[in-house]
Amino acid sequence: MDGTITSGRLVKLAVRRYLDDLESAGERGFYFDAKIAQKSVEFFPLCLRHTKGRWHRKPFDPTPSQAFVLWQLYGWRRITDDCRRFGKVYMSMGRKNGKSEFAAGVSLKQLCFDHPHENAAEVYNVATKEDQARDIVFRQARLMAQLGPLKSRLQIMMKSIRTLQQDKYQPDSILKPVGSDSSTSDGYDLSTGVLDEIHAWKKRHHSLYEKLTTAGGAREQELLLIITTAGDEESELWERLDTHHARVLEGVETGEIVSDHSLSFIATIDEDDDPFDPANWPKANPNYPEFPSHAYLEKQAADMNGQAETRNTFIRYHANR
């Protein structure tokens, strides 16, 4: 809030919303449990290992922005039943910010250690096609599970990860990839859905989104985690969701409570910012310069700051606008 960390207007509003809710959310039926929040953040380095590059096999220490989302997702509780407050999380930021790796970690957390425990959890990594879902978030979840201490608790298959039964009366939970072409798309009893790159979902995928948003009725605290980068003129679902979640944050300024059950984190450059000015890059890339690196973005900017089409590509993917 004091400008020490460079961030855009909507990220600042996300922080203000959290701080304001600490003062007032009790009146609306919520409370914050810092102990659960802390355990949830600590789950990542204790139980998960990175799968790529120079971080391969190292403990997954959440970045500050990732910890901010985890802290709120698991810390906020409903007074009526102590379940999670947020049933939907929307995260938007530039490419190469570790969105898929983070989503894989949340998938495993939800499979094994949601709080309170979810019996027979069904966790789905969702993309427009099943092959894509399997090759991105689910693949990283499989590698994380194989590299870390969770391995002894899980049965890790090519197309699914299951928890090992501790006794015959405890049903196992499952994590699997699905897409609009999956044969079981109507039979969800979803506890968690991780929706990857929602900007790529076209009009024909809207029915899949609707099935997922209505599939958790039998669960006490279902969760949809939506991760994305900015869309284009064909990204109707992304535009609808992005507009809604921007309104959730802007309610801090207007006094309007748009969606008390949604957690929104939108990292983008501000309206009058120069997208090719490195001083503005942290606004759309909250993990910069650790990832993406300054050298990477500098090269991308040099290569794309020419014709209008390539400029727009940089603005969309790296300035998240």
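Alanine 120 is partly exposed, with a relative accessible area of 27%, where partly exposed denotes the range between buried, under 20% relative accessible area, and exposed, over 50% (1.4 Å probe, protein chains only). The residue is placed in the loop between α4 and β4, helices (H or I, at least four residues) and strands (E, at least two) being DSSP runs numbered from the N terminus. The model is a predicted one, in which local features need pLDDT of at least 70 and side-chain atom pairs count only at pLDDT 80 or more, whereas totals for chains, interfaces and linings use all residues. Residues are numbered from 1 along each chain as its sequence is written, and side-chain values use heavy atoms, with hydrogens and water left out.

The loop between α4 and β4 (122-126) also holds proline 116, and the peptide bond that leads from histidine 115 to proline 116 is cis, with omega near -5 degrees. A cis peptide bond likewise joins tyrosine 288 to proline 289, with omega near 5 degrees, and proline 289 lies in the loop between α9 (281-284) and α10 (294-304). A positive phi, of about 45 degrees, is found at glutamate 197, which is not a glycine; this residue lies in the loop between β8 (192-196) and α7 (206-213) and, at 18% relative accessibility, counts as buried.

In soluble globular proteins, nonpolar side chains tend to be buried together. The largest nonpolar core in the model has 71 residues, and those with the most contacts inside it are Leu108, Leu195, Trp201 and Leu212; such a core is a set of buried Ala, Val, Leu, Ile, Met, Phe, Trp, Tyr and Cys residues joined through side-chain atoms within 4.5 Å. Helix α4 (residues 99-112) provides the largest share of this core, 7 residues. Contact being defined as heavy atoms within 4.5 Å, leucine 195 touches Val126, Trp201, Tyr209, Leu212, Leu224, Leu225, Ile226 and Ile227 when its neighbours within four places in sequence are left aside. A second, separate core of 7 residues includes Phe276, Trp281, Ala301 and Phe314.

Helix α4 also takes part in helix packing. The axes of helix α3 (residues 64-75) and α4 come within 12 Å and cross at roughly 25 degrees, where axes are lines fitted to C-alpha atoms, for helices over the stretch in contact, and angles run from 0 to 180 degrees between N-to-C directions. The two helices α3 and α4 are therefore roughly parallel to each other, given that angles under 35 degrees count as roughly parallel, over 145 as roughly antiparallel, 65 to 115 as roughly perpendicular and the rest as oblique. In this contact, Gln66, Val69, Leu70 and Tyr74 of α3 meet Phe102, Val106, Lys109 and Gln110 of α4.

The axes of helix α2 (residues 34-47) and α4, by comparison, come within 11 Å and cross at roughly 110 degrees, which makes α2 roughly perpendicular to α4. Ser40, Phe43 and Phe44 in α2 meet Phe102, Gly105, Val106, Leu108 and Lys109 in α4.

Valine 178, in strand β7 (residues 174-178), counts as buried at 1% relative accessibility. Residues up to four places away in sequence not counted, valine 178 touches Tyr124, Asn125, Val126, Ala127, Glu130, Ala133 and Tyr188.
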